[in-house]
Amino acid sequence: MKYKSQKVAYWFFALSMLLLSLQIVYGFIMGFAHMGMDGLHSVIPFNTARAVHTNLLVVWLLSGFMGAAYYIIPEEAQHELVNVKLAYIQLITLALVGVVAIVGYHFNYWEGRKFLEIPRPLDWLVVVNVLTFLGLIVTTLFKGKKRTTTSLVLTMGLVFAALLYLPGMIWFDNQTMDSFFRWWVVHLWVEGVWELIMGGILAYLLIKITGVDREVIEKWLYVIVGLTFISGILGTGHHYYYIGVGKVWLIVGGIFSALEPLAFLGMALFAISMYRKGEKKHPNKIALSWTLGTAIVSFVGAGLLGLAHTLPQVNMYTHGTLVTAMHGHLAFWGAYAMIVLAIISYTMPNMTGRKLFDTTTGLLAFWLSNIGMLGMTVAFGVAGVAQVYLERKVGLEFGDVQKEIQVHFFILVTCATLFTTGIICYIVEFVKYGRPTDEALEIENN
Amino acid sequence: MLSKSQARFFFMGGTIVTFAIFLGLSWNSLSNEVPKRTHEENLTPQVIRGKQIWESNNCMGCHTILGEGAYYAPELTKVYDRRGEAYIKAALMSKTPWSPRGRKMVAYAFSEEKADDVVAFLKWIGEVDLNGFPPKPDLKK
């Protein structure tokens, strides 16, 4: 850590850890409900658990991205964050809006639009919050001595993410229009600008951990984010196959979304080759594992498993089944959860001055969570494929099919327990590091 | 070998070109295709009220519509054809959780008028041209 203000990141990461824990609790509620154990139905019905589960994911990832930006931007720009107090106010208001939204979901206060359930009045508070955040980041960047490619790509990702939130706030009477613009937010976030954020954080980590020349890393960063946008923007078409727009999207969406894995393949090859090229001297092996892990698992989860059902001929049958949940889980885990856990693992020793590298708990966290999540993905996949055949090919009733596939949710919950053990280990490590301290500045400078 | 400025050009150029194509295609879809395929003339105030009820109760949190939503409860795009008005109204107006095959739905206990609004919305959505979705079960004997 080179600048005092980088410590702000710690509190954003702490918020992430808290919300991640809650997210897992609601995941279990849904897993058990799918198994037929819906004892909580009258208090937390499935639609509440579902909205809380996905919204907590979005908020903890955003909080992680914000923390990453507060840590990376001052260091890259070589300038203290312009207003630390405002950053703390932004953190608290982010947490408050999140809490109000989540509590509201338990009292039927929401708008039922998948992933964008936050009611519109609260949307405006989100906008103000994100503008405050962007204001702080952009001013710091422009007051700083340097504007590196890494920091520009990261900032660009954050700014575009904010802009793309707006189409989701418009009211449409027509469900098709509603869905069309909802994907401008959801798809262009996760298969577009969030990859810029991920690429920016990944490039920063690789520069720090491998010691490879910045010019080389940043050149490939441009190529990767270029591939992301070229495939991902028109790849939005894979959400437009069957929602009431024309057949042109079957062709455009099919071709371009089939190219989407290229960006993730690029990301994986990039991380591995930079690691091989580098000095391998950096002591923080746990952060290295998460960094290489995110690049590889995102290729499998987001790239390959996405490709598995992105062609219109396949998607006709898998659209709206558990196959989507299979892809969704490994994609979000690999691409976004793991990059946030990577940046936390890298920054914690620097912020606190405690060098807890290579601990058993840290290694357990990495392997248990990854193996658990892979098992969950397989369980979802098996349940999903069985559902597709029984319901969409053979024509059995939805409810009868759900009974047939209940057993796979037992495996899901078992693997989720393994996953949760891994996350508990991660959080134990996080707590063991303690609070950030100014003394860490001197340790770094010596 | 590729230089950094060429890489930047690839990124900026690729983004601008594909985004321009995306905007063009979107414009075409929204102005020419959507009004016809969704029969926009049938979007009565009742259908719109139905959509509001659909959203304010987060029906998508369990069901899918147009294949979008959660996978806990049946896909409802063609439910009007499949089940008919009376069945849908019974599910919506039920004072105890509707659970035909064991899985429970929230007991909304809607008034007749609200249930009619939702039915109108579901009838409208069933008539949208969806390029053949949902598929006909082709292994069914």
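The paragraphs below lead through a predicted model of two chains, from the place where they meet to a few single residues.

Residues are numbered from 1 along each chain as its sequence is written, and chains are lettered from A in the order in which they are written. Since the model is predicted, local features need pLDDT of at least 70 and side-chain atom pairs count only at pLDDT 80 or more, while totals for chains, interfaces and linings use all residues.

We can now turn to how α6(A) is placed beside other helices of chain A. The axes of α6(A) and α7(A) come within 9 Å and cross at roughly 165 degrees; such axes are lines fitted to C-alpha atoms over the stretch in contact, and the angles run from 0 to 180 degrees between N-to-C directions. The two helices α6(A) and α7(A) are therefore roughly antiparallel to each other, a term for angles over 145 degrees, just as angles under 35 degrees count as roughly parallel. The residues that meet include Glu191(A), Leu196(A) and Ala203(A) in α6(A), and Arg214(A), Leu221(A) and Phe229(A) in α7(A). This contact of α6(A) with α7(A) has 10 nonpolar, 5 polar and 4 charged residues.

The axes of α6(A) and α8(A), in turn, come within 10 Å and cross at roughly 5 degrees, which means that α6(A) is roughly parallel to α8(A). Among the residues making this contact are Leu202(A) and Thr210(A) of α6(A), together with Met267(A) and Tyr275(A) of α8(A). The residues of the contact divide into 7 nonpolar, 2 polar and 4 charged.

Some single residues also deserve a look. Asn108(A) lies in the loop between α3 (84-105) and α4 (120-143) of chain A, and its phi is near 60 degrees, a positive value in a residue other than glycine. Asn108(A) has 15 other C-beta atoms within 10 Å and is therefore partly exposed, given that a residue is buried with 20 or more such atoms, again placed from the backbone, within 10 Å, exposed with 12 or fewer, and partly exposed in between. In chain B, Ala109(B) has a positive phi of about 45 degrees although it is not a glycine, and with 12 C-beta neighbours inside 10 Å it counts as exposed.

Chain B also has a cis peptide bond, from Phe133(B) to Pro134(B), with omega near -10 degrees, and Pro134(B) belongs to the segment after α5 (112-126) of that chain.

Notes. Helices (H or I, at least four residues) and strands (E, at least two) are DSSP runs, numbered from the N terminus. Angles under 35 degrees count as roughly parallel, over 145 as roughly antiparallel, 65 to 115 as roughly perpendicular and the rest as oblique. Two residues are in contact if their C-beta atoms, placed from the backbone, lie within 7 Å. Ala, Val, Leu, Ile, Met, Phe, Trp, Tyr, Cys and Pro count as nonpolar, Asp, Glu, Lys and Arg as charged, and the others, Gly among them, as polar.
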